[in-house]
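Visitor: I have a model open in my viewer and would like to learn how to read it. Could you walk me through some features?

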Amino acid sequence: MSVSAQKIELCKTSDVAEGSAIKVETGDLSLAVFNLNGAFYVMDDTCSHGPGSLSEGPICGDVVECDFHNGAFNIKTGEIVEPPCMIPQKTYKVAVESETVFIEV
Amino acid sequence: MAKITIPAANIEFDCTNDTIMRAATRIGLGFPYECNVGECGNCRFELIEGEVSYLRANPPGVTERDVQRKRYLGCQALPQGDCTIKVSLRDHYKSKFLPKKTTGELIEAFDVTHDIREFRFRLSENAKFIAGQYGLITAPRVEGARAYSMCNTGEDGAEWHFQIRRVPNGAATTSLFDNLKVGDKVGLDGAYGMAYLREDAPRDILCLAGGSGLSPMVAISRAAAKSPALKDRNIHFIYGGRTPRDVCGEQFLKELEGYGTRIHYIGAISMPDDPSSAGWTGKVGFVHDIAEQVFGEKLGGMEVYFAGPPLMSQAVMKTLIKSKVPAAQMHFDQFY
């Protein structure tokens with residue numbers, strides 16, 4: 001962790017059911033927090049392609065589909081799995097402490 | 001008159017003889033949209049209560065999932081009474097100059113190439129815009145509006161000029177090219193769109209165009225050339241056509257102060273083996289390849305505007321992503 005890294009509290013682990021996602025807004029960030037088999041992943045909620053909200057998209061394995069244009073991203077890496085999305089989704093480094101989900105920015 | 005309520009944002013607004021997205025945009029709300037003609041699907045909202053019908057019958061942007069989830073396209077949805085909706089408003093979609101409906105009288109038209117013509121309209125009421133934005137034109141005896149980008153700069157909004165490419169057998173362009181005479185009137189609505197000039201971006205500018213993508217890129221170049229904030233920036237313009245008769249744009253840049261010193265033009269063709277390309281001495285290739293060849297790693301430090309056919313735009317975007325141009329430095333109408 002770099003000296004300047006800042007931890008931002010997002011939610012409790014119990015807020016996100018396994019295999020689902022919630023949207024968390026904090027400061028200027030609008031984030032999708034995913035729970036995949038008890039592990040937590042965070043990416044920007046607004047799809048890189050348009051105004052779709054990824055926390056509302058169906059999840060299949062490690063992949064979330066944007067329900068606006070059916071583009072899909074790897075939840076763990078932000079990489080594009082299906083077009084029309086062309087810009088990878090920004091993901092964040094996640095830390096879980098005391099049943100609370102944080103990102104490090 | 002219908003009242004539209006967005007409970008999550010604690011907002012209510014009136015919508016009279018208008019679509020829900022356009023009515024929202026006219027009062028300064030950041031209702032998401034892009035194409036404005038029912039195709040791209042970016043203006044989706046969820047209908048919680050009430051009833052809507054569509055301006056354009058069966059808009060192509062509607063999917064089966066939309067129907068199942070009671071989602072509608074805001075740019076085409078006409079409320080049939082009061083409605084409660086769910087949509088995430090975003091500042092990105094707010095208009096600096098609120099769009100409005102006006103009438104445009106054709107005052108001049110001239111050919112730019114064999115299939116692109118410039119149409120100049122004087123508005124019944126001034127409607128300002130930012131260079132790079134588009135307006136909706138409703139041509140005489142043509143059902144539905146079409147989106148076209150203006151090629152002039154819109155400081156006073158007294159006139160809107162459009163460089164439009166003729167679409168073979170297209171109802172709207174056939175009406176405009178074959179029937180519209182000086183003095184005739186069209187319906188106008190706008191301005192719309194987020195692919196406008198960013199005067200606060202401290203970077204050199206690259207405009208990439210093909211087809212009628214000419215129009216917004218000419219507007220961006222014209223506005224950038226006279227922007228005090230951008231006076232020390234270079235403006236590069238690349239236009240791609242199939243054969244030499246398609247290549248255009250330089251004539252408009254030559255009129256700008258700084259042409260040849262900080263404003264530069266490259267024309268390129270993609271079909272050098274076509275008989276009509278004989279004698280061509282300029283660049284050969286697609287605009288995205290030319291941009292990569294000419295600017296290479298410098299692309300990441302440029303503010304890039306692009307407009308053209310979908311295949312061109314997609315190829316440009318791939319190149320820009322590969323060249324590590326941040327998304328915030330790419331500006332284009334996301335019509336697909």
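Visitor: Which way do strand 3 and strand 7 of chain B run, and how many bridges join them?

Guide: This is a predicted model. In it, strand 3 of chain B and strand 7 (residues 83–86) of chain B run antiparallel, joined by 3 bridges.

Visitor: What stands opposite B:Glu46 in strand 5 of chain B?

Guide: There the facing residue is B:Arg71. Strand 3 (residues 44–49) of chain B pairs with strand 5 (residues 71–73) of chain B in the antiparallel sense, over 3 bridges. As a general idea, side chains in a regular strand alternate between the two faces of the sheet.

Visitor: Let's turn to a helix. Which residues of helix 6 of chain B are buried?

Guide: In helix 6 (residues 287–295) of chain B, they are B:Val287, B:His288, B:Ile290 and B:Ala291. Looking down the axis of helix 6 of chain B, you find these buried residues within an arc of 160 degrees, so they line one face of the helix.

Visitor: What covers the buried residues of helix 6 of chain B?

Guide: The cover includes strands 14, 15, 16 and 17 of chain B, together with helix 7 of chain B.

Conventions. Residues are numbered from 1 along each chain as its sequence is written. Chains are lettered from A and ligands numbered from 1 in the order in which they are written. This is a predicted model: local features need pLDDT of at least 70, side-chain atom pairs count only at pLDDT 80 or more; totals for chains, interfaces and linings use all residues. Two strands pair if DSSP finds at least two bridges between them. Helices (H or I, at least four residues) and strands (E, at least two) are DSSP runs, numbered from the N terminus. A residue is buried if 20 or more other C-beta atoms lie within 10 Å of its own, exposed if 12 or fewer, and partly exposed in between; C-beta atoms are placed from the backbone. The arc is that of the directions from the helix axis to the C-beta atoms. Two residues are in contact if their C-beta atoms, placed from the backbone, lie within 7 Å.
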